Amino acid sequence: MAAGGRASGRPSKKKGPAKGTGGNVRRSLEGKGATPPAHMRHWYKDKARGERIAREERGGSSSRPAVRQRKPEDTPEYIGGRNPVVEALQAGVPATALYVAQRIDNDDRVRDAIKIAADTGIALLEVSRDKLDRLTEGAVHQGIALQIPAYDYAHPDELIELAHDAAEVPLIVALDGVTDPRNLGAIARSATAFGAHGLLIPSRRAAGVTGGAWKTSAGTLANLRVARAANLTAALREYREAGLFVVGLDGAGTVDIDEVSLLEEPLVVVVGSEGKGLSRLVREQCDVVARIPMHAAAESLNAGVAAGVTLYEVARHRRR
């Protein structure tokens with residue numbers, strides 16, 4: 001008998017619909033709507049990129065970073081903050097104007113500052129806090145700021161003349177590669193405390209007497225002359241020719257500072273930068289390169305601290 005449609009004798013299985021996904025695949029392909037703007041995405045953290053794009057849209061399509069313009073030499077400086085302003089006024093800093101924020105909450109420091117300014121003929125100006133922010137370049141001002149004229153730098157030779165006029169052994173502090181005005185201010189404070197006759201700084205690539213330096217010095221820059229040299233190496237050479245000895249500070253020095261035999265002589269102490277120390281050309285002008293002995297756990301000292309330690313050691317030797 002020929003085979004027919006039911007050869008096995010078992011009923012055939014009826015095919016039903018295949019097991020599906022419940023529409024999940026179709027719905028997943030539909031997406032989740034338009035992509036939200038970058039600032040609305042919680043994972044968007046590249047704020048610097050957004051700020052750069054905004055700057056470029058405002059100022060053009062150039063991708064070059066903005067370059068901060070150097071201030072002209074005759075631009076006035078500003079000291080912000082209640083304590084620094086009062087200290088500067090009490091020290092006799094040559095100020096030209098006192099700026100006070102509108103509706104400031106007066107305290108003893110504000111009243112003292114206003115009184116000293118009025119007694120000494122300094123102009124008193126009431127301004128908005130926004131203007132104070134601009135004048136102090138965003139620094140903390142506490143509603144009060146003091147305007148001081150651009151610093152009148154001395155000639156390097158004047159620092160020696162100051163020592164001779166006082167009938168004292170010259171002591172000058174030179175800064176090599178110190179770029180933070182706060183370090184300059186701290187060194188000025190130590191130099192004043194230990195009887196130095198002035199600071200010598202390079203005219204380029206170095207911190208100058210700015211508002212930050214005035215603030216950190218606590219007004220001592222009003223009593224300490226700062227000279228500026230176009231070439232620090234040449235100025236040190238001229239000091240040596242005038243009979244001064246040059247002692248450089250460096251962690252790789254050959255002798256401890258308390259063992260230097262020249263501290264009672266006419267002296268120039270050169271403080272290098274915290275990171276690089278003394279430059280090669282300046283090191284060549286030093287009679288001695290000294291180090292400050294310290295615990296091995298501390299690799300180096302801040303330039304202001306190193307200057308203070310050294311100047312104290314010089315003063316201690318000279319009191320003997």
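## The second largest pocket

By class, the lining of the second largest pocket comprises seven nonpolar, seven polar and four charged residues. Here Ala, Val, Leu, Ile, Met, Phe, Trp, Tyr, Cys and Pro count as nonpolar, Asp, Glu, Lys and Arg as charged, and the others, Gly among them, as polar. The model is a predicted one, in which local features need pLDDT of at least 70 and side-chain atom pairs count only at pLDDT 80 or more, while totals for chains, interfaces and linings use all residues. Residues are numbered from 1 along each chain as its sequence is written, and side-chain values use heavy atoms, without hydrogens and water.

The volume of this pocket is about 430 Å³. Of its 18 lining residues, Asp-176, Pro-202, Arg-205, Leu-232 and Ser-279 are the closest to the centre. Helix 9 (232-241) and helix 10 (280-284) are the elements that each give two or more residues to the lining. A helix is a DSSP run of H or I with at least four residues, numbered from the N terminus.

## Helix 7 and helix 11

Helix 7 (residues 181-193) packs against helix 11 (residues 303-318) at an angle of about 15 degrees, and their axes lie 8 Å apart. The two helices are therefore roughly parallel, a term for angles under 35 degrees. Helix 7 passes helix 11 in a right-handed crossing.

From helix 7, the contact (heavy atoms within 4.5 Å) involves Asn-183, Ala-186, Ile-187, Ser-190 and Ala-191. Helix 11 contributes Ala-303, Gly-304, Ala-307, Gly-308 and Leu-311. Six of the residues in this contact are nonpolar, four are polar and none is charged.

## Helix 3 and helix 4

The axes of helix 3 (residues 82-91) and helix 4 (residues 108-119) come within 9 Å and cross at roughly 30 degrees. Helix 3 is therefore roughly parallel to helix 4. The crossing of helix 3 past helix 4 is left-handed.

On the side of helix 3, the residues that meet helix 4 are Arg-82, Asn-83, Val-85, Val-86, Leu-89 and Gln-90. Their partners in helix 4 are Arg-109, Val-110, Ala-113 and Ile-116. This contact divides into six nonpolar, two polar and two charged residues.

Key
1 Å grid on protein atoms, 1.4 Å probe; cavity = no way out; pocket = protein on both sides within 12 Å on 5 of 7 lines; lining within 4 Å. Points joined across faces, edges and corners; volume = space filled by probe spheres on them. Axes fitted to C-alpha atoms, helices over the stretch in contact; angles between N-to-C directions. Parallel < 35°, antiparallel > 145°, perpendicular 65-115°, else oblique. Left-handed = near helix turned anticlockwise from the far one by under 90°.
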